[in-house]
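Trainee: Could we walk through this protein together, step by step?
Mentor: Gladly! Let's have a look at it first.

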Amino acid sequence: MNIILTSPLVSVNWLHEKLGANNLVVLDGTIAKTFNALSQQIPTARFFDIKQKFSDTSNAFPSAFPSEHQFQTEAQNLGINQDSAIVVYDDKGIYSSARVWWLFKAFGFSNIAVLDGGFPEWKKAGFPIENAAPYNGNKGSFKASLQPNYMKFFDDIKTASEHKTHKIIDARSSDRFNCKVPEPREGLRRGTIPNSVNLPFTNLLEHGRFKSKKEIAKAFYMLAEPDEAIIFSCGSGITACVLALGAELSGYKNISVYDGSWTEYGTLTSGNMEQPKTWTKDELLAYILIYVSHSDLNESRKETAYILSRVDKNVYQRVYEQFEKDNDYQSIQNIIEAVNTHDYYRNDLADLFADIKLLAFADGGYNEMEKAVYSNLKKILKDA
């Protein structure tokens with residue numbers, strides 16, 4: 001008898017009892033670069049390779065939404081059929097498994113559930129495990145049918161943010177959301193999507209499992225009405241799906257996930273010029289070069305041309321507007337704060353110093369004032 005899943009979340013006890021069912025497919029949705037034969041898995045599990053097989057690897061951003069054809073082909077290669085009942089887990093408890101669940105829903109497949117507590121809970125219960133092995137069975141009959149409203153993209157989030165058509169809920173930690181700590185992705189600026197609110201995905205979990213439905217519902221009710229249109233975001237579209245799973249458990253219907261999340265949004269948009277910790281690397285570079293070029297109280301045409309050879313004209317214009325508002329002390333404080341935000345410059349200050357020198361020589365000279373500013377900046381940047 002085939003399994004029909006009635007909840008998007010199942011327990012390890014339930015899975016243990018159903019493990020021999022004819023149409024059951026267990027997927028290991030752990031985030032990994034490649035298949036690892038040394039790892040362990042739930043018996044008969046098949047590795048769902050989010051990064052390489054089920055993402056658009058040609059996209060500049062991580063874990064990007066695959067095409068309908070790609071998803072269908074790779075799902076068939078895992079032996080998934082139209083009548084399969086899928087249970088997906090990961091090695092952290094509740095993390096990337098929710099992304100797998102949401103991807104299947106986005107391609108029109110709903111007979112899927114996430115294993116509550118994942119592999120850690122399965123091992124804790126003392127259930128059998130085995131060494132991982134690649135799937136070598138028959139090809140499946142799965143047919144993908146894209147559901148357009150499940151995933152949102154950059155233009156969608158811009159519209160939702162500007163016109164407040166959706167409640168945007170960010171799953172990142174409160175420290176990341178409030179720009180108190182750097183983003184883990186190197187070079188990515190700090191910041192938040194305008195008009196978004198924060199609900200860290202970890203707030204829904206306890207020891208790697210979902211909290212009670214009452215507690216989860218309360219967390220959502222504090223932020224959005226049950227009939228409100230919601231877009232979930234995070235760092236790269238993974239943990240936003242944990243919130244989507246929690247919202248579905250709480251009865252929310254009009255929900256979607258921003259695929260690129262903050263990695264895409266923070267890269268494609270500029271920072272708040274009054275908050276240096278949100279500046280992009282190009283904005284910081286432009287500000288430093290403008291600061292140096294004004295050391296003699298005059299930015300020459302050649303210096304301006306050099307800056308525009310290094311940064312986009314629009315970046316230059318908005319940075320210049322901010323620079324004109326700042327006094328000398330504010331400029332130094334802005335540079336220090338922005339530099340402390342970007343590991344990029346701590347890792348490769350030589351390039352930045354080279355840019356400063358090339359700018360100074362752009363108009364044919366390197367005067368005493370420019371030398372003094374260069375030396376002062378070098379000390380400040382190294383100390384920062």
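Trainee: Which residues touch the most other members of the largest nonpolar core?
Mentor: A nonpolar core is a set of buried Ala, Val, Leu, Ile, Met, Phe, Trp, Tyr and Cys residues joined through side-chain atoms within 4.5 Å. Buried means under 20% relative accessible area, exposed over 50%, and partly exposed in between, with a 1.4 Å probe and protein chains only. This core has 53 residues, and those touching the most other members are Leu 27, Phe 48, Phe 104, Phe 210 and Phe 232.

Trainee: Which helix gives the most to this core?
Mentor: Helices are DSSP runs (H or I, at least four residues), as strands are (E, at least two), numbered from the N terminus. With eight residues, the top contributor is helix α8 (residues 240-249).

Trainee: How is the model made, and what should I keep in mind?
Mentor: It is a predicted model, where local features need pLDDT of at least 70 and side-chain atom pairs count only at pLDDT 80 or more, while totals for chains, interfaces and linings use all residues. Residues are numbered from 1 along each chain as its sequence is written, and side-chain values use heavy atoms, with hydrogens and water left out.

Trainee: How are α10 and α12 oriented to each other?
Mentor: Axes are lines fitted to C-alpha atoms, for helices over the stretch in contact, and angles run from 0 to 180 degrees between N-to-C directions. The axes of α10 (residues 281-293) and α12 (residues 313-325) come within 9 Å and cross at roughly 55°. Angles under 35 degrees count as roughly parallel, over 145 as roughly antiparallel, 65 to 115 as roughly perpendicular and the rest as oblique. The two helices, α10 and α12, are therefore oblique.

Trainee: How far apart are the C-alpha centres of domain 1 and domain 3?
Mentor: The protein is divided into three parts: domain 1 (9-143), domain 2 (150-268) and domain 3 (281-383). Between the C-alpha centres of domain 1 and domain 3 the distance is 49 Å.

Trainee: Is Lys 164 buried or exposed?
Mentor: Lys 164 sits in the loop between α5 (154-163) and β9 (167-170). Although Lys 164 is not a glycine, its phi is positive, at about 55°. Its relative accessibility is 60%, so Lys 164 counts as exposed.

Methods: Domains from an automatic or database assignment.
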